[in-house]
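Visitor: Please show me the structure, and then I will ask about its parts one by one.

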Amino acid sequence: MSIVVIEGIILVPSVMRRERELLNYLRSLSTAQALGRLDEATLATLKDDMLINYLQGIQINQVILGGAIYDLEGTQVGGFGELPQLTLAESAQGDRGDRYFRRQQRYDAPWDMPPLRDRYVLIVRHDASGVQREFFAFIGRIIGLVVIISVFVTGATLVVLRRLVIKPIMLLRQDLITAGQAIGDDSDTQTLAFASLPYARADELGDVIAAFEQMFGQITTAVATRKQSEMRFRTLVEQAVDAFFVVNAVGQIIDVNQNACDSLGYSREELLRLSVTDIQTTHSQADFEALWRQLRPGVPQTLEGWHQRQDGSGFPVEVRVGLLVLADARYGLALARDISDRKVSEAAQARLAEIGELAAMIVHEVRNPLNTVLLGLNSFRALELPDRFQTRLDLALEESERLQKLLNGILMYSREPALAVEPLEINGLVQHLATTLGHELGETQPPLRVTTLPYPVAVSGDRDKLKQVFINLISNAREAASDGVITWVVRPPETGQVTISIHNGGEPIAPDLLPKLTQPFFTTKVSGNGLGLAITKRIVEAHQGTMTITSTAAGTEVIVTLPLAGFRLARASGVADRLS
């Protein structure tokens, strides 16, 4: 097939050239025969209708079906027989001036007749059925020749390749299967005989066969070496961070790594004289035997315990125990990790949780009497008070309301954000909030420039909580930027998450203050309580997102990343319509 395709591509130009030769021959032959029947002197004197009647005599030739006569201005004077489809204007546009109609088996071409050259142009229609027959006959001869060459070359090639290439490759394939089965079955590979080795000639295929034999020898050597060493040291890593212990069925320690020695304060020789219960003081021998009966190959178990050092001190550990089967022996492989830092961290987190619960309780206890105080103070607004007492009343109300906001913020921060998750189209949410916030802008507020994506991007989140996040960030940006433009941009999603950035052109924030901005009760504002950004960050993290703050001479930027929703974005378009 390759030969046929290549020969076909090569011979296409010759086939088309043959067709053109046949058409040129048809025109030359018909022109010569027609001029033999016409009197040039008579042609030179005839005009228009008389010329047309006279030219009808050339239809005696069977290949001439008709013609059309044009004057030098391009006007058709007349015609005879089957009129040509080719016009004088179309003839002037082509390179050759003629046209071949294959389906109709017609050929239209202008004739160059010296008696008419300076007065008329004659376009003649020819019967091209003979050209088509000769054309297909030529194609048939070409195809036959190509097929004969292809069959001969293919047959000769197969005969040669079967001996030189195909048979050695098939033998090499069988040898590869045999070698794979021998290695997989762990059988003796020294007695294997490969049928492809006699074909290891000094050529590329011979190089492949020789490389196979060399590779097989290397594999068998590596397997033999690994069998000698993996009995004891296959999973033992001396420089591992965790302590490694290899024990037998009765709990005797038979091997350890250096980290085990360092963490317990024993030498290697001293540890090999001990058992599991000598260092694992929270488990008895009966506990070890029960655990051993539960172990299964490939199913490790994790438990916590207490390792005792040689000096009597100890530390908490997390031990991952697995069953290791080597030949006919069964061993326990234990990886012990010191979890002292984790325990300290867990205790600290538990303490913080207690403090948070206490703070929430205190806030609840304080809010009720505070609300009573506020009701009482508000009731004094209806009284006619002297200016001094009115000033004190306004100050008391202002401080009480500030205290109420602080208590609400503390209560919100102390609780884990409870999310009412739903599919949200982030572009629609941003546009909706931007429209709402834009109505609240005063003449002194910096303008808000919003850029969203032209296609829907869906996240799973709490609509009200995310509104709170963005409203707080936009409010902070307005307070920090007295002039300039606040930009709010939704960036194209990357690696499964979408990024929303809010940038203002205010004064830069000192680098040492940036990490403190999201800490509770830290604020750079005169009237702030330092809980806004802390609560905002907790809400973002509750959505499995992140919030970062950067500040340069060009201004301050807050970047919020949210994971994309786990459903098709095409469905989010309906959400976008509802939001807009």
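Visitor: Which residues in α15 are buried?
Guide: This is a predicted model, in which local features need pLDDT of at least 70, side-chain atom pairs count only at pLDDT 80 or more, and totals for chains, interfaces and linings use all residues. Residues are numbered from 1 along each chain as its sequence is written, and side-chain values use heavy atoms, without hydrogens and water. A buried residue has under 20% relative accessible area, an exposed one over 50%, and a partly exposed one lies in between (1.4 Å probe, protein chains only). In α15, the buried residues are Leu-533, Ala-534, Ile-535, Thr-536, Ile-539 and Val-540.

Visitor: At what angle does α15 run to β16?
Guide: Helices (H or I, at least four residues) and strands (E, at least two) are DSSP runs, numbered from the N terminus. Axes are lines fitted to C-alpha atoms, for helices over the stretch in contact, and angles run from 0 to 180 degrees between N-to-C directions. α15 lies across β16 and β17, and its angle to β16 is about 135°.

Visitor: Is Gln-544 buried or exposed?
Guide: Gln-544 lies in the loop between α15 (532–542) and β16 (546–552). Its phi is positive, at about 65°, although it is not a glycine. Most residues other than glycine have a negative phi. With a relative accessibility of 66%, Gln-544 counts as exposed.

Visitor: In what order do β12, β14, β15, β16 and β17 form an open sheet?
Guide: Two strands pair if DSSP finds at least two bridges between them. In this sheet of five strands the pairing is mixed, and the order is β12-β14-β15-β17-β16.

Visitor: Which are the edge strands?
Guide: An edge strand here pairs on one side only. From one strand to the next, the twist averages 15°. The edge strands are β12 (448–451) and β16.

Visitor: Which residue in β14 does Arg-449 stand opposite?
Guide: β12 pairs with β14 (residues 486–494) over four bridges, in the parallel sense. Within β14, the residue opposite Arg-449 is Thr-487.

Visitor: What angle does the direction of α14 make with that of β15?
Guide: Contact means heavy atoms within 4.5 Å. Helix α14 (residues 463–480) packs on the sheet and touches β12, β14, β15 (497–504), β16 and β17 (555–563). The directions of α14 and β15 make an angle of about 25°.

Visitor: What is the bridge partner of Ala-68 in β2?
Guide: Strand β1 (residues 64–71) is antiparallel to β2, and five bridges pair them. In β2, Ala-68 has as its bridge partner Gly-79.

Visitor: What does Gln-105 count as at 27% relative accessibility?
Guide: Gln-105 is in the loop between β3 (99–101) and β4 (106–111). Although not a glycine, Gln-105 has a positive phi of about 55°. At 27% relative accessibility, it counts as partly exposed.

Visitor: On which residue is the kink in α5 centred?
Guide: α5 (residues 129–184) has 56 residues, and its end C-alpha atoms are only 72 Å apart, short of the 82 Å that a straight helix would reach at 1.5 Å a residue. That expected span is 1.5 Å times one less than the number of residues. The bend at a residue is the angle between axes fitted to the seven residues ending there and the seven starting there. In α5 there is a kink of about 60°, centred on Arg-162.

Visitor: Which residue just after α5 takes a positive phi?
Guide: The phi there is about 55°. The residue is Asp-186.

Visitor: What is the phi of Gly-312 in the turn between β8 and β9?
Guide: β8 (residues 301–308) and β9 (residues 314–326) run antiparallel and are joined by eight bridges. Leu-303 has Val-319 in β9 as its bridge partner. The two strands form a hairpin with five residues between them, and Gly-312 in the turn has a positive phi of about 95°.

Visitor: Which residue in β7 does Phe-245 stand opposite?
Guide: Three bridges pair β6 (residues 243–247) with β7 (residues 253–256) in the antiparallel sense. The residue opposite Phe-245 in β7 is Val-256.
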